[in-house]
Amino acid sequence: MASILIVDDSAFARSSLQIIVEGGGHKVIGRASNGEEAVDLFNELKPELVTLDFLMAGETGDQVLERLLDITPDARVIMISGMGDPAIQEKAMAAGAKCFLPKPFKKGEVLNSIDRVLQP
Amino acid sequence: MRSRGVILEPCHEDGFDRLLLKGTQSVLQSLESMFELEVENSASLLEVVPWDENQAPLQFGDGPFYSVSCGFDGDLAGRAAFVLSEDDFRHLANELMPVLSLMFLSDPGAELTSLEERKPNWMEDTSSALDDEECRAQILDAFSELGNVLVGACTRAIFELTGLRTQHSLPVVEFSHDRSKVDGLLVEGLDSPPMLVVIDNELLIGGRTLRLWSFITLDAVSFERVLESLDSCTERDNFSNLVARSGPKATYADSLAV
């Protein structure tokens, strides 16, 4: 079981992910709707894994990721995006994401990605 | 597909047919995987027309409507909007209630064992869900996220068909009685009079047919780029054969398997 911080500007997406990851036996310890909240909660809660939406108001996912990696260089972050351009995935991985998930996400894909990213 | 005021080569028509199939498939998959809805596509039509400021506002039925729209840029510049009539939106919202109820109750601090205690009033009477401020916000947020996923699916389909890359902006949801508002959303920020791609999907959800209108505007340069990319399409013969044999229910994935 991992402690997870969910970052997405859509309440629907946050809740969908929470239901999926908790159904997989993980614990959601925080939910953030923008980059600033994400950084604050990351500092405060020290989650084992972060799911991070790419397209948000204000800072984009890759900018937030950079800030998280400044705090914890080996932070485990799964980038999520509904954007159709494969360059977004390349950008996310180049920025240091451990994995990329396209929206709409499926339960099995989410849980498999979490397991994969948590492997030592 | 059909076009008015623009002459398209057969390879372009094939390309737009593929976009229609791929786009429709994405709509169905998104509704099913995001909201656990059983959805059937009863009919779909794609039309390509030049934008004409003098023509009547976009045709998508009478009465108030909900729209979710955004811009996109990159190799292509344009705008996209998805529109549902208020009646259809209310029906969709009603169908979303089981999933949204769970979403609502999974808010921070909610213990899954105490769902009954936290059950809000709108769960008892779903017909008033859109009149409940908190529930309405949930529904509009879900619609916005659906728009985000749908426009992403469209840009992904365009990339897969043409190799052209686009990134979209944050979607915005609106409720309006004024259909010229959608006209404005679709040309906002575009330098040249755009080409308009209209996709009219009839979706059977919960025993009722909903019409989801998808509007995509592309500026003149972008539209030319799409046509040039479709010129070099290598799969069109297989696809044409497939559509001729299987009709509009064929999928792009099917075409690749021919």
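**View 1. The fold of chain A.** From the N terminus on, the elements of chain A follow the order β-α-β-α-β-α-β-α-β-α, which comes to 5 helices and 5 strands. Helices here are DSSP runs of H or I with at least four residues, strands are runs of E with at least two, and both are numbered from the N terminus. The radius of gyration of chain A, 13 Å, is close to the 14 Å that the globule rule gives for 120 residues, so chain A is as compact as a globular protein of that length. (That radius is taken over C-alpha atoms, and the rule is 2.2 Å times the number of residues to the power 0.38.) Please keep in mind that this is a predicted model: local features need pLDDT of at least 70, side-chain atom pairs count only at pLDDT 80 or more, and totals for chains, interfaces and linings use all residues. Residues are numbered from 1 along each chain as its sequence is written, while chains are lettered from A and ligands numbered from 1 in the order in which they are written.

**View 2. The largest nonpolar core.** This core has 97 residues, and A:Val50, A:Leu52, A:Val77, A:Ile78 and A:Met79 have the most contacts inside it. Helix H5 (residues 133–162) of chain B brings the largest share, 14 residues. A nonpolar core is a set of buried Ala, Val, Leu, Ile, Met, Phe, Trp, Tyr and Cys residues joined through C-beta atoms within 7 Å; buried means that 20 or more other C-beta atoms, placed from the backbone, lie within 10 Å of a residue's own. Zooming in on A:Ile78, its partners include A:Leu49, A:Ala97, A:Cys99 and A:Val117, not counting residues up to four places away in sequence. Contact means C-beta atoms, placed from the backbone, within 7 Å.

**View 3. Where chain B meets chain A.** Here 26 residues of chain B are in contact with 21 residues of chain A. H5(B) gives the most to chain B's side, with 13 residues. That side divides into 10 nonpolar, 12 polar and 4 charged residues, where Ala, Val, Leu, Ile, Met, Phe, Trp, Tyr, Cys and Pro count as nonpolar, Asp, Glu, Lys and Arg as charged, and the others, Gly among them, as polar.

**View 4. Two helices of chain A.** The axes of helix H3 (residues 61–71) and helix H4 (residues 86–95) of chain A come within 9 Å and cross at roughly 10 degrees. That makes H3(A) roughly parallel to H4(A), a term for angles under 35 degrees. A:Gly61, A:Asp62, A:Leu65 and A:Glu66 in H3(A) meet A:Lys91, A:Ala92 and A:Ala95 in H4(A).

Definitions and conventions:
Buried ≥ 20, exposed ≤ 12 C-beta atoms within 10 Å, placed from the backbone. Contact = placed C-beta atoms within 7 Å. Axes fitted to C-alpha atoms, helices over the stretch in contact; angles between N-to-C directions. Parallel < 35°, antiparallel > 145°, perpendicular 65-115°, else oblique.
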